[in-house]
Amino acid sequence: MKKLMAANWKMYKTVEEGVKTAEELTGLLGEMPADREVLVCPSLTMLQAVCPILKQAGCHAGAQNFYPSKQGAFTGEIAPEQLLDLGCTHALAGHSERRHVLGEMNELIGRKVTFGLEAGLHMILCIGETIVERRLGQIEEVLARQLESGLAEVLTTARAENLSVAYEPVWAIGTGEVAGPDEVLAAHAFVRAKLKSLLPQEGGRVRILYGGSVKPDNAAAIIRLDNVDGVLVGGASLKADSFSQIVLA
Ligand code: PEP
């Protein structure tokens, strides 16, 4: 299984800056290593400009968010079909900033996963516990709930090639505090077991990414851990140089 190395550019960069970073990144990566797949999720504003650059280099372009409807009166939102129209192949759902800053609930996140898959996007369901939940010993309970609701409607139709889960402990996102190897191993083993029980046919092959302060100097150790099938990178993906080092780690 190829490792999925994903960048989340969040709400950063102008179109010009995004194009420049994508060009630098694809230049630095050169020929893609056989065991890696690269995905960049920029802001919607620059998708049209950045998609062709990524595609030409064999990388994927993804969206950070969408609304789960074909079209309609949803002011300010964007539909999966509009993303596909721009050349997007992937999308995130349930990123911790959408859960905790924008108040997205498990039920809406589950609808996004189902709708995105049905529209033909590769969906990355992001899950993870807060520091309070970790201290209260609720990690497994939280991850189980987020997986069950995130995948509630896709149990029979999901195909492993179209679905990934990103384990991103909230306390490690953008904080510089990375989860230790034992913490990553334990969480990913739990997610794998849960995926196998929710999706008996495909759960063993759904990629599980780690996210949370991944940097060039810790990426190699993280990516080689059991059940770590890729990474989702925020801050360190904004510069082509550091993200290319992570991709090639
Ligand atoms: C993210 O945004 O998904 C993320 C993991 O951010 P960072 O790498 O900055 O912690």
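A residue is near a molecule when one of its heavy atoms lies within 4 Å of it. By that rule, 14 residues sit around the ligand, and Lys10, Glu168, Gly174, Ser213 and Gly234 come nearest. Keep in mind that this is a predicted model, where local features need pLDDT of at least 70 and side-chain atom pairs count only at pLDDT 80 or more, while totals for chains, interfaces and linings use all residues. Residues are numbered from 1 along each chain as its sequence is written, and side-chain values use heavy atoms, with hydrogens and water left out.

Sorted by type, the shell around the ligand has four nonpolar residues, eight polar ones and two charged ones. Here Ala, Val, Leu, Ile, Met, Phe, Trp, Tyr, Cys and Pro count as nonpolar, Asp, Glu, Lys and Arg as charged, and the others, Gly among them, as polar.

Here are some distances to oxygen atoms of the ligand:

| Residue | Atom of the residue | Distance to a ligand oxygen |
|---|---|---|
| Glu168 | polar side-chain atom | 2.7 Å |
| Gly174 | backbone N or O atom | 2.6 Å |
| Gly234 | polar backbone atom | 2.8 Å |

Taken alone, the ligand exposes 290 Å², and the protein buries 98% of that (Shrake-Rupley areas with a 1.4 Å probe).

Now for Thr21, which is part of helix α1, residues 15–29 (a helix is a DSSP run of H or I, at least four residues). Thr21 counts as buried because its relative accessibility is 8%, and buried means under 20% with a 1.4 Å probe, protein chains only. Its side chain reaches the backbone oxygen of Glu17 at 2.8 Å. Leaving out residues up to four places away in sequence, Thr21 touches Trp9, Lys13, Leu238 and Ala240 (contact means heavy atoms within 4.5 Å).

Key:
Helices (H or I, at least four residues) and strands (E, at least two) are DSSP runs, numbered from the N terminus. Buried means under 20% relative accessible area, exposed over 50%, partly exposed in between (1.4 Å probe, protein chains only). A polar contact is a pair of N or O atoms within 3.5 Å; within protein, one must be able to donate a hydrogen and the other to accept it, and residues adjacent in sequence count only if both atoms are side-chain atoms.
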